[in-house]
Amino acid sequence: DKEIEDFVSKPFYEVLAYLKTKKGDFFTAKWVPSEACEPHQDEDGRVLNRSLAENVVRRITDKPATVLEQKKKNKSQLQPLPYSLSALQIDAAKRYGMSAKAALDVCQGLYEKHKLITYPRSDSRYLPKEHFQQAPSVILAIESNRDVLRTATLNADIRIKSKAWNDSKVSAHHAIIPTQKKMDMSRLSKQETQIYELIARQYLFQFYPKHEYQERVFVAKVNQITVEGWKAIYPVSAKDDKSSTSLPALRKGQTLHCEKGELQNKQTQPPKYFTDATLLAAMTGIARFVTDQAIRKVLKDTDGLGTEATRAGILDLLFKRDYLTRQGKQIRSAPAGRGLIGSLPTSATTPDMTAQWEATLEEISLKKVNYESFMTPLTDRLAQLITQSLADLPQGLRGVKASKPTYRKKRKPRAKKSS
């Protein structure tokens with residue numbers, strides 16, 4: 001939030017060339033500045049000199065162009081793995097605006113009450129190989145339960161075995177998938193239906209071929225789909241529009257005509273405010289936010305703040321204590337949250353230290369690290385942090401309105417039994 005507030009936008013410039021082949025096919029290509037332009041660019045390669053961009057427009061308008069080089073690469077995207085809880089919460093937030101806690105609560109209902117999905121508090125995205133034998137029954141259950149997925153189930157090929165089936169990557173629990181149960185789905189709430197459909201579609205991806213496309217580079221880069229694969233059952237609104245873009249057939253040495261060059265005025269944009277989806281993604285992929293390069297190298301993408309089962313509770317608690325607030329889909333820091341962070345030592349506010357703890361705790365669970373060797377320095381460090389924080393907190397939280405405390409209702413003492 002502070003980075004957004006302190007952000008100063010600056011202009012930069014891009015140039016588009018509107019090109020035409022002799023057959024009358026049109027397409028656009030973007031100017032890629034040469035090394036000679038580096039003095040006029042920022043650290044991200046954006047051109048800051050308007051006169052330079054205007055000069056390029058003048059030099060290319062109504063001029064011939066030649067294809068110097070064209071590259072083609074055959075690429076593919078493997079089927080997305082079945083859901084872990086965090087991956088499901090992120091998609092539920094993106095597609096339906098559900099909070100992490102709401103998605104978890106819905107999953108618990110689908111698991112405990114309706115028996116429609118497997119254990120939801122899982123951090124795994126893989127399945128035991130023996131589960132592959134259950135695939136036909138699970139697909140039939142999906143077909144019976146969701147009419148909108150009937151075409152997807154009928155076209156599923158149970159001979160395809162994606163990389164999801166991997167015993168070595170399954171620990172206590174496997175990925176979240178539909179069960180073999182069939183039921184009257186009208187008994188489900190709207191959110192329950194939405195979550196079930198997400199889980200079912202993600203499972204069906206495993207029985208479709210890879211999504212294949214040809215990457216063609218001609219200053220403009222586009223992806224030409226060759227095999228739709230699993231994306232055939234992707235929600236239409238979630239498909240990548242760029243996939244449908246195409247270039248005309250081109251060859252090296254071919255002469256084109258640049259009808260005009262166009263100067264595009266752009267402005268640098270501040271970072272975006274967090275949403276439920278992006279904040280959960282940040283918590284699960286915390287290595288991106290670690291400042292210490294050495295720690296970042298050690299951490300894997302799966303190392304994060306909290307666990308699958310606790311992340312929703314962490315966020316819910318921060319809202320209840322008025323450290324975070326919502327503005328539409330955006331999650332903002334509240335005055336109390338800012339005051340707290342401003343009062344704490346830097347080491348307590350960056351993910352580095354917590355990430356180290358999480359990684360060490362994982363090693364303790366695998367019996368690679370001794371418990372005492374972790375706890376002794378930790379307690380000493382915590383004492384220092386608390387002493388330092390207590391000195392700064394009163395000043396940092398000055399003027400912050402306290403939220404109303406919540407109390408648990410006192411139980412009445414039990415009546416003593418007479419002897």
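**Cores, cysteines and confidence**

Visitor: Which residues touch the most other members in the largest nonpolar core?

Guide: In this predicted model, the largest nonpolar core has 56 residues, of which Leu-88, Leu-110, Ile-142, Ile-195, Tyr-196, Tyr-203 and Phe-207 touch the most other members. Such a core is a set of buried Ala, Val, Leu, Ile, Met, Phe, Trp, Tyr and Cys residues joined through side-chain atoms within 4.5 Å, where buried means under 20% relative accessible area with a 1.4 Å probe, protein chains only.

Visitor: And which helix gives the largest share?

Guide: That is H7, with seven residues; helices here are DSSP runs of H or I with at least four residues, and strands are runs of E with at least two, numbered from the N terminus.

Visitor: What does Tyr-203 touch?

Guide: Leaving out residues up to four places away in sequence, Tyr-203 touches Leu-127, Ala-135, Val-138, Ile-139, Ile-142, Trp-165, Ile-177 and Pro-178, a contact being heavy atoms within 4.5 Å.

Visitor: Switching topic, how many disulfides are there?

Guide: The count is zero, taking a disulfide as a pair of cysteine sulfur atoms within 2.5 Å. Cys-107 counts as buried because its relative accessibility is 0%, and Cys-37 also counts as buried, at 8%.

Visitor: Where is confidence lowest, and where highest?

Guide: Strand E6 (residues 220-227) is lowest at a mean of 57, whereas H7 is highest at 97, on the pLDDT scale of predictor confidence in each residue, from 0 to 100. The chain's mean pLDDT is 86, with 88% of its residues at 70 or more.

Visitor: What ground rules apply?

Guide: Local features need pLDDT of at least 70 and side-chain atom pairs count only at pLDDT 80 or more, while totals for chains, interfaces and linings use all residues. Residues are numbered from 1 along each chain as its sequence is written, and side-chain values use heavy atoms, with hydrogens and water left out.

Notes
Buried means under 20% relative accessible area, exposed over 50%, partly exposed in between (1.4 Å probe, protein chains only).
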